[in-house]
Protein chains: 2
Amino acid sequence: MSSTDQIITVLKLEYLFKGCSDDFIGQMAAQGRIISANKGQVLFVSHDEAAYFYIVVSGWVKLFRETLDGAQAVVDILPTGHMFGETSLFENGEYPFSAEATESMKLLAVPMGLLQQEIENNPKMALAMLSAMARYRKHQDREIEHRTLQNAPQRIGCFLLRLADQSHEGAVKIHLPYDKTLLASRLGMQPETFSRALAKLKEKTGIKVNGATIEMDSLDQLVKYSCAACSSEFPCNDLPACRKVE
Amino acid sequence: MSSTDQIITVLKLEYLFKGCSDDFIGQMAAQGRIISANKGQVLFVSHDEAAYFYIVVSGWVKLFRETLDGAQAVVDILPTGHMFGETSLFENGEYPFSAEATESMKLLAVPMGLLQQEIENNPKMALAMLSAMARYRKHQDREIEHRTLQNAPQRIGCFLLRLADQSHEGAVKIHLPYDKTLLASRLGMQPETFSRALAKLKEKTGIKVNGATIEMDSLDQLVKYSCAACSSEFPCNDLPACRKVE
């Protein structure tokens, strides 16, 4: 597959670009490029001028902010197929967070100006962007709610449920997508809190933890424990369909 | 002032409607109505069909969700001039939370269909809505960050700073806008945690608490303590200009 064809494949998987004209996709593909980043490489820092938006082609990216006293708040950890940086358009053209590769990874970088023009000139694109922002708002709402109402073991249980195929019945095996330190920071916990909470979750639900693999007889064990402290019902209705870039 | 004139005044204060045509403002005023609500009155429940969006004319409204095991997560508590319910447009036409009057209050209710049409037909309105969503996203980002990195006394200090005139130098008096139980739930704390945290904040910063009035020699006392655990610098750059409906 040529680089341009690969870029077009990546762009067409992004929800925001469903229904976009081939012309616009073509423009983005012509000006976009696939870049590589090594583990720990910083892609940009909060308040940098936002020249590009990105889509993760492979690997994971960590979005974070740093406080004055040096603590790090992880905004999100995004897998393959997810876009980031695009809302800088509404943040005075500055990235509202920093971004770092959590492992060797590939990204598609597309000049922001293209997206800005399309949103300003194409009402359909503005509406698609509004829907995307609304989905993200829901995601944040849930995050705030859970940080208030769920205890640490329930939050881990919720995270696992959201990784699983929620329509699956019977025994389940879930693989943690990245290491436990990163997972702890994604969930807003200290590593020690995370370890204690995972032990408590095992005790409460009977799940089995084997390194990065979690096994259970059925998802029900987690649902009963974690979803009791959530305002949405199981299965979660805000999960995006799986997005894989081949 | 006639009811229509009052409605127009309320609408024109809303940031989203800056730059709207008089024609559209007139249509909203013609179809909008001012309603009263008593303390504790539920305006709508999460998942109700979203027929109206609202602007607070006087008093405070509490937005919340309830979990399966009966706990309440306060999404926000909004004062005069703030709009809510409008993002239901992007939530399958359902309210994503419940709303309750925290005291005797007045609200402007406007049919959602009007706003939907305007967003679909007027690109400027779609862009204005995008900016509004981006501002809200920033607000939520900060909320998630603070729930992770600030301890309870720092969160109270931050809340007080955001109530104050941040350009003020010298001695400051801040009035709590609603009772301490509500304030605790707004900050995602149990009432007992709130009381202990307020005592700790007094000890750490030397502020004086007198019922619903908080006094201090200068805002610096709170800034040093709370803003150290925040990724933004003081003064906060995301505070909306004060919006008062006369």
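This is a predicted model: local features need pLDDT of at least 70, side-chain atom pairs count only at pLDDT 80 or more; totals for chains, interfaces and linings use all residues.
Local features need pLDDT of at least 70, side-chain atom pairs count only at pLDDT 80 or more, and totals for chains, interfaces and linings use all residues. Residues are numbered from 1 along each chain, chains are lettered from A, and side-chain values use heavy atoms, without hydrogens and water.

**Exercise 1.** Work out which rotation superposes chain A on chain B.

**Exercise 2.** Describe the contact between the chains.

*Solution.* First, count residues in contact (heavy atoms within 4.5 Å): 42 of chain A touch 42 of chain B. Next, take the buried area (accessible area, 1.4 Å probe, lost on being put together, summed over both parts): about 4,000 Å², with 63% from carbon and sulfur atoms. Then look for salt bridges (Lys or Arg side-chain nitrogen within 4 Å of an Asp or Glu carboxyl oxygen). The interface has six, including Arg65(A) with Glu145(B) at 2.9 Å, N to O. Finally, helix 4 of chain A (a DSSP run, H or I, of at least four residues) gives the largest share of chain A's side, 20 residues.

**Exercise 3.** Find out why the copies meet through the same surface.

*Solution.* Compare the interface residues: 100% of those in chain A are also interface residues in chain B, so the same surface is used.

Conventions:
Copies are superposed by least squares on the C-alpha atoms of residues with pLDDT of at least 70 in both. Buried area is the accessible area (1.4 Å probe) that two parts lose on being put together, summed over both. Helices (H or I, at least four residues) and strands (E, at least two) are DSSP runs, numbered from the N terminus.
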